Amino acid sequence: MTTASPSASQKTVRVDLGDRSYDILIGPGLIATATAEIAGRLKGRRMAVITDENVAPLYLEPLMASLKEKAIDAVSLVLPAGEKTKSFEHLIPVCEAILGARIERNDAVIALGGGVIGDLTGFAAGIARRGSRFIQIPTSLLAQVDSSVGGKTGINSPHGKNLIGVFHQPDLVLADTDVLDTLSPREFKAGYAEVAKYGLIDKPDFFDWLEKNWQAVFAGGDARIEAIAISCQAKADVVAADERENGRRALLNLGHTFGHALEAATQYDGARLVHGEGVSIGMVLAHQFSARMNLASPDDAVRVEAHLKTVGLPTRMNDIPGGLPPAETLMDAIAQDKKVKGGKLTFILTRGIGQSFVADDVPASEVLSFLKEKHPV
């Protein structure tokens, strides 16, 4: 459960993984107090801070100054912003920065940024010196409710998204809700898709609440903190039960198989499609495909699409500017993402709102037929 912290507006979610357990702190002003939180948990005196060109002008200097005040020797590396940064090309300089900072066992690598920076930095921290301590300071809504929690790290390949990586849990996550006020409306909406996902997986009451309160979540304040805390708790519970995705954790991929294929089809061009937008379209497709397979009512798909469309998210493939390749090409990306076994795929499907399940026997031919129906060329 989420718990009250010294600040009435701050919440703490615990990810219970035995001796690798860690806290997610959620609330306003956490970047300002980041060094105190870090110093209270880690004994190290060296840090490497990895960020990007969008985040650095806003938050890097105060964080570095705060670290210096605590006599922590910190170096920083600023990378280009965008999904294309999750690549071997940028993994190398991150690893070199970690090694150059002479990070030791009690020191840490800090990811200051959104999901791209968190995934890339976490991967580098997982492999440099065979595993370095790692702190997430997520600066996007998507990263705060999803990618910063659970230890999945990695980079993309021309073969598909997140195909190269390791499980490497952070030691602390600081989700400063104030930074979300600097996001563009598009970025915030993209992150909201992941919030809605938790309701659609197994929390129908939360989805009901979001339908009624999404405007308050967008406006900020207590409703936003509550939505983030519920989302983080949902993910923490799943990660604690299935850290390495041998079963239940796969449910967190609701909408992602379709979404990843769409991202690959746009060559990870953020001007056309960002991750949360792909997830939004993917969740609608997952509900529509479930209805097509007579697993759920078509009314559920209509309801999901209506809510996501109301908040301003794309919900259909033709919402993506620039067009898409044929269904067969999309199918190739899906097969790579969730590997075909005996002509069948593993998908996250649903029997209704909040009733998602892992289906490991989905005929690839049915998926291809569905894609052709939704994306005729």
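Predicted model: local features only at pLDDT ≥ 70, side-chain atom pairs only at ≥ 80, totals over all residues.
**The largest cavity**
- Its lining is made by His159, Gly160, Lys161, His260, Ala261, Ala264, Ala333 and Asp337.
- Strand E9 (160–167), helix H9 (256–265) and helix H12 (327–337) are the elements that give two or more residues to this lining.
- Which element gives the most to the lining of the largest cavity? Helix H9 does, with three residues.

**The second largest cavity**
- About 30 Å³ of space lies here.
- Around this space you can find Asn253, Gly255, His256, Thr257, Phe258, Ala286, Phe347 and Ile348.
- Helix H9 turns up again: H9 and strand E11 (344–350) each supply at least two lining residues, and H9 gives the most, with three.
- By class, the lining of the second largest cavity has four nonpolar residues, four polar ones and no charged ones.

- In soluble globular proteins, nonpolar side chains tend to be buried together.
- In this model, the largest nonpolar core has 74 residues, and the members that touch the most others are Ile24, Ile26, Ile110, Leu112, Ile137, Leu141 and Tyr192.
- Helix H8 (residues 222–241) gives the most to this core, with 10 residues.
- Take a look at Ile137: leaving out residues up to four places away in sequence, Ile137 touches Ile31, Ala34, Leu63, Ile110, Ala111, Leu112, Gly113 and Leu174.

**Helix H6**
- Helix H6 (residues 185–202) is 18 residues long and reaches 27 Å from its first C-alpha to its last, close to the 26 Å expected at 1.5 Å a residue.
- Is H6 mostly covered or mostly uncovered? Helix H6 is mostly covered, with 13 of its 18 residues buried.

- You can find Leu368 in helix H13 (residues 364–374).
- Leu368 counts as partly exposed because its relative accessibility is 22%, and buried would mean under 20%.
- Setting aside neighbours within four places in sequence, Leu368 is in contact with Ala327, Glu328 and Met331.
- Leu368 and Thr329 are 39 residues apart in sequence, and their C-alpha atoms are 9.8 Å apart in space.

Terms used. Residues numbered from 1 in each chain as written. Heavy atoms only, no water. Helix = DSSP H or I, 4+ residues; strand = E, 2+ residues; numbered from the N terminus. Buried < 20%, exposed > 50% of the residue type's maximum accessible area, 1.4 Å probe, protein only. Contact = heavy atoms within 4.5 Å. Core = buried A, V, L, I, M, F, W, Y, C linked by side-chain atoms within 4.5 Å. Expected span 1.5 Å × (residues − 1). 1 Å grid on protein atoms, 1.4 Å probe; cavity = no way out; pocket = protein on both sides within 12 Å on 5 of 7 lines; lining within 4 Å. Points joined across faces, edges and corners; volume = space filled by probe spheres on them. Nonpolar A, V, L, I, M, F, W, Y, C, P; charged D, E, K, R; others polar.
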